[in-house]
Amino acid sequence: MISVNAGNITKGMYLIFKDKPHLVTKTEFMSPGKGSAVMRVKYKSVETGAAIEFTYKTNEQVEVADVEKREMEFLYRSGDEIVFMNSKTYDQANIPMSLIEDQVGFLIPNLKCWVLWYKDAAIGVSLPPNVTLKVIESPNEVAGNRINAPKKLVKVETGMEVMVPIFIKTGEKVLIDTTTKEYLGRVK
Amino acid sequence: MKTWQRIKKDPKLLKTYFVREKVIQTIRKFFKKEGFHEVFTPIMVPVPSIEPNLEVFETELRTSKGVRKRAFLISSPEYAHKKLLSAGVGNLFEITRSFRNEEEVSRLHSPEFSVLEWYRVNADYMDIMQDFEDLFLKIVGKEKLRYQGEVYDLKKPWPRITFKEAFKKYAHKAIEDIKDEDFYKTLFNEVEPEILKTKRPIFLYDYPISQASLARPKKQDPGFAERFEVFVAGVELGNCFSELTDWKLQHERFRKDLALRKSQGKTDFPIDEDFIEALKEGMPASSGIAVGIDRLVMLAADAPTVSDTIFFPDNELFDL
């Protein structure tokens with residue numbers, strides 16, 4: 001059994017909570033002045049999608065879910081499910097949309113990624129660190145903001161909205177960090 | 001956009017920020033009327049409070065003659081206050097700043113925060129509960145608190161529940177049967193969520209002795225300590241002790257806490273022997289409380305987070 005110190009739990013981990021695999025969606029570290037340091041964890045069940053909160057002492061051991069990774073390609077979206085395919089064996093995997101909401105905006109056709117499996121069920125996806133996306137909608141005029149780095153919100157080919165520098169125009173391609181959704185650069 | 005820029009654009013926002021000024025004024029008036037002395041103690045000290053789980057801000061003091069000393073920002077002004085109690089200052093209060101490092105910056109936490117502490121001599125934690133009720137009612141100005149769409153009934157006396165009762169009521173467990181390492185798990189997952197839901201303020205008191213910190217054991221029941229926390233509108237506002245005045249016991253707790261700090265890789269520093277000295281010389285029986293002013297202001301201003309009441313919140317200053 002592999003376990004993690006509760007103080008080191010981070011968003012995106014798959015852990016065993018009440019004997020079932022859960023995805024960590026949020027963590028909050030708290031050390032009350034006169035008490036014990038604790039880690040408040042928000043979970044999403046990979047079986048039901050239900051959200052639940054639990055608080056651990058930071059030095060507790062929490063079991064890590066034995067998740068297996070297989071390289072697959074994104075195929076298409078079908079209703080509430082996202083379909084991936086193994087390009088060698090043509091095996092397919094369906095993942096409920098609710099489990100990968102944060103990643104859906106990066107899925108462009110044939111994107112190679114790692115599909116995560118827990119006991120023969122596809123439960124999530126691990127993306128490449130960054131993905132190139134085409135801007136399809138962008139406001140032309142944005143009031144200059146001299147204080148902060150000038151940025152604007154644009155829509156990319158997958159429908160997701162991201163912040164990019166104001167010089168980016170519709171039709172251009174941008175490199176976006178898949179963890180933070182940050183703009184990394186323009187792709188020529 | 002920074003807060004000052006947003007205010008410039010929309011001066012109506014100032015209303016929320018000015019609540020702090022009123023709250024501070026009310027606090028001063030309240031304690032002056034009760035005959036308390038307002039004291040002013042350092043925020044930069046050679047030895048900070050020993051909290052096993054808190055990390056400190058450390059700096060260095062250097063004189064023109066090349067003397068170098070370790071210096072820390074306080075995580076609480078409590079030691080200075082107890083030295084003053086020993087000195088014979090009597091009932092006292094202070095409005096000051098405190099600092100905690102390596103914390104999550106969140107709705108209720110920021111690394112630099114404002115704190116109110118007050119101490120009553122010849123008093124215990126029950127007296128401080130009454131002080132707290134009276135002060136809070138003065139701050140809100142009426143017996144109902146409207147906060148984020150909910151209404152909280154502030155009529156005195158506020159409900160008081162012991163840890164023993166709370167664990168039985170909410171976790172259906174006898175507190176004596178809970179192992180030390182499971183205490184916080186049960187508290188945070190079963191007891192506190194219920195406490196935070198109530199539409200009445202509530203005092204949770206009589207901590208198990210393992211969580212006594214700077215509180216004295218109960219005379220009739222030494223398995224518990226005279227300590228309480230107070231919650232209003234789902235927010236923990238203060239932590240109170242009937243102060244431990246037994247220097248030997250305090251020294252022993254400090255040694256344990258320092259060992260715990262070391263084992264967790266926290267900044268190492270010595271025990272404040274001056275504080276132990278003050279206890280040795282005789283600190284009068286007293287009770288004191290630390291209250292988060294930013295949280296008080298947040299509730300009084302009906303603001304969703306503490307940062308919404310601070311002109312220069314840490315998350316904005318440091319881009320966190």
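Me: At about what angle to E5(A) does H6(B) run?
Reply: Helices (H or I, at least four residues) and strands (E, at least two) are DSSP runs numbered from the N terminus. Axes are lines fitted to C-alpha atoms, for helices over the stretch in contact, and angles run from 0 to 180 degrees between N-to-C directions; residues are in contact if their C-beta atoms, placed from the backbone, lie within 7 Å. H6(B) lies across E4 and E5 of chain A, and its angle to E5(A) is about 155 degrees.

Me: What kind of model is this?
Reply: Residues are numbered from 1 along each chain as its sequence is written, while chains are lettered from A and ligands numbered from 1 in the order in which they are written. Local features need pLDDT of at least 70, side-chain atom pairs count only at pLDDT 80 or more, and totals for chains, interfaces and linings use all residues, since this is a predicted model.

Me: Which element gives the most to the side of chain B that touches chain A?
Reply: The contact takes 14 residues from chain B and 13 residues from chain A. On the side of chain B, the largest share is four residues, and they come from helix H6 (residues 180-197).

Me: How many residues on that side of chain B are polar?
Reply: Ala, Val, Leu, Ile, Met, Phe, Trp, Tyr, Cys and Pro count as nonpolar, Asp, Glu, Lys and Arg as charged, and the others, Gly among them, as polar. By this division, the side of chain B that touches chain A has three nonpolar and four charged residues, and the polar ones number seven.

Me: Which strands are at the edges of the four-stranded sheet of chain A?
Reply: Two strands pair if DSSP finds at least two bridges between them. The sheet is open and antiparallel, in the order E2-E3-E4-E5. Pairing on one side only marks the edge strands, E2 (14-17) and E5 (51-57) of chain A.

Me: Which residue in the turn between E2(A) and E3(A) has a positive phi?
Reply: E2(A) and E3(A) pair in the antiparallel sense over four bridges, with A:Ile16 opposite A:Pro21 in E3(A). The two strands form a hairpin with two residues between them, and a positive phi of about 50 degrees belongs to A:Lys18.

Me: Which residue in E4(A) stands opposite A:Lys26?
Reply: Strand E3 (residues 20-30) and strand E4 (residues 38-45) of chain A run antiparallel and are joined by eight bridges. In E4(A), A:Tyr43 is the bridge partner of A:Val24, and opposite A:Lys26 stands A:Lys42.

Me: Which strands of the three-stranded sheet in chain B have a single partner strand?
Reply: The order of this open, antiparallel sheet is E2-E4-E3. Five bridges pair E3(B) with strand E4 (residues 68-73) of chain B. One side of each edge strand is left without a neighbour in the sheet, because a single partner is all that is found for E2 (44-45) and E3 (58-62) of chain B.

Me: How does H2(B) stand relative to H4(B), by its crossing angle?
Reply: The axes of helix H2 (residues 14-33) and helix H4 (residues 125-140) of chain B come within 9 Å and cross at roughly 140 degrees. Angles under 35 degrees count as roughly parallel, over 145 as roughly antiparallel, 65 to 115 as roughly perpendicular and the rest as oblique. Therefore H2(B) is to H4(B) oblique.

Me: Which residues of H4(B) make the contact with H2(B)?
Reply: H2(B) contributes B:Val23, B:Thr26, B:Ile27 and B:Phe30, and H4(B) contributes B:Leu135, B:Lys138 and B:Ile139.  The residues of this contact are five nonpolar, one polar and one charged, and those from H4(B) are B:Leu135, B:Lys138 and B:Ile139.

How values were computed:
Contact = placed C-beta atoms within 7 Å.
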